Amino acid sequence: MKFVVLYSSIEGQTRKIAEAVASHLQSQQHTVMISDANQIGFADPGVGDAIILCAPVHGGHYPAPFVHFVHDWAQVLNDIPTAFISVSLSIASADVDEQQEARSYPGGISEETGWSPSAILNCAGALKYSEYDYFKKWMLKRIAATEGGPIDTSRDYELTNWTEVKSFIDTFVGSIT
Ligand SMILES: Cc1cc2nc3c(=O)[nH]c(=O)nc-3n(C[C@H](O)[C@H](O)[C@H](O)COP(=O)(O)O)c2cc1C
């Protein structure tokens, strides 16, 4: 099958997840085209048999250019199988309400754009303290503290469960083949 993997990423973790998804599909002999959803000149996403979109939550929202992209292509996206990987920190929270909030983000983009993904994975991202500026580091440490997450800012934390990501993709592929 031919898959299109589209991502939006601000700090790099969602791009890493999209690349892992592409590698996993390629290892199963599928053809994969991977791209930043907002890369200028990107072709029609409808060229694939199925599409996997990946986007992170920042400040309670997906990146605005990603939302615009989905809005513009909603009709095409609704006509073929699509999977959505929503990347956040709160999905890894010890607090059930925070987890619930993370699960609500995909519904928000559906409401805003009219796109209904066939499958959704709420996936934990990363805390890259070493790459944040002073303000971001302070903000993320505060968020992590309220969620029972890691607050030692002298190192980075990758919270993504790679087994879960691969298993989600396997289930999605299985549902359309
Ligand atoms: C400035 C900033 C704001 C964030 N806001 C949220 C948020 O509101 N909710 C949440 O669950 N995660 C939040 N996160 C965590 C990100 O979703 C997580 O770090 C993810 O891995 C970022 O993906 P990216 O590296 O592809 O940009 C935030 C991260 C940063 C750096």
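This is a predicted model: local features need pLDDT of at least 70, side-chain atom pairs count only at pLDDT 80 or more; totals for chains, interfaces and linings use all residues.
A salt bridge here is a side-chain nitrogen of Lys or Arg within 4 Å of a carboxyl oxygen of Asp or Glu. Glu 158 sits in strand β7 (residues 157-158) and Lys 16 in helix α1, so the bridge ties together parts that are 142 residues apart in sequence. Glu 158 is partly exposed, with a relative accessible area of 40%. Lys 16 is also partly exposed, at 40%.

The structure holds 2 salt bridges. Lys 136 and Glu 11 form one of them, and their closest N and O atoms are 2.5 Å apart. Lys 136 belongs to helix α4 (residues 134-146), while Glu 11 is in the loop between β1 (2-7) and α1, so this pair links parts 125 residues apart in sequence. Lys 136 is partly exposed at 31% relative accessible area. Glu 11 is partly exposed too, at 21%.

Turn next to a helix pair. The axes of α2 (residues 64-79) and α3 (residues 96-113) come within 9 Å and cross at roughly 50°. The two helices are therefore oblique to each other. Their crossing is right-handed. From α2, the contact uses Phe 66, Val 67, Val 70, His 71 and Ala 74; from α3, it uses Ile 109, Glu 112 and Thr 113. By class, that is 5 nonpolar, 2 polar and 1 charged residues.

Finish at a backbone detail. Most residues other than glycine have a negative phi. Gln 29 has a positive phi of about 70°. Gln 29 lies in the loop between α1 (13-27) and β2 (31-36). Its relative accessible area is 69%, so Gln 29 is exposed.

Conventions
Residues are numbered from 1 along each chain as its sequence is written. Side-chain values use heavy atoms; hydrogens and water are left out. Helices (H or I, at least four residues) and strands (E, at least two) are DSSP runs, numbered from the N terminus. Buried means under 20% relative accessible area, exposed over 50%, partly exposed in between (1.4 Å probe, protein chains only). Axes are lines fitted to C-alpha atoms, for helices over the stretch in contact, and angles run from 0 to 180 degrees between N-to-C directions. Angles under 35 degrees count as roughly parallel, over 145 as roughly antiparallel, 65 to 115 as roughly perpendicular and the rest as oblique. A crossing is left-handed if the near helix is turned anticlockwise from the far one by less than a right angle, and right-handed if clockwise. Contact means heavy atoms within 4.5 Å. Ala, Val, Leu, Ile, Met, Phe, Trp, Tyr, Cys and Pro count as nonpolar, Asp, Glu, Lys and Arg as charged, and the others, Gly among them, as polar.
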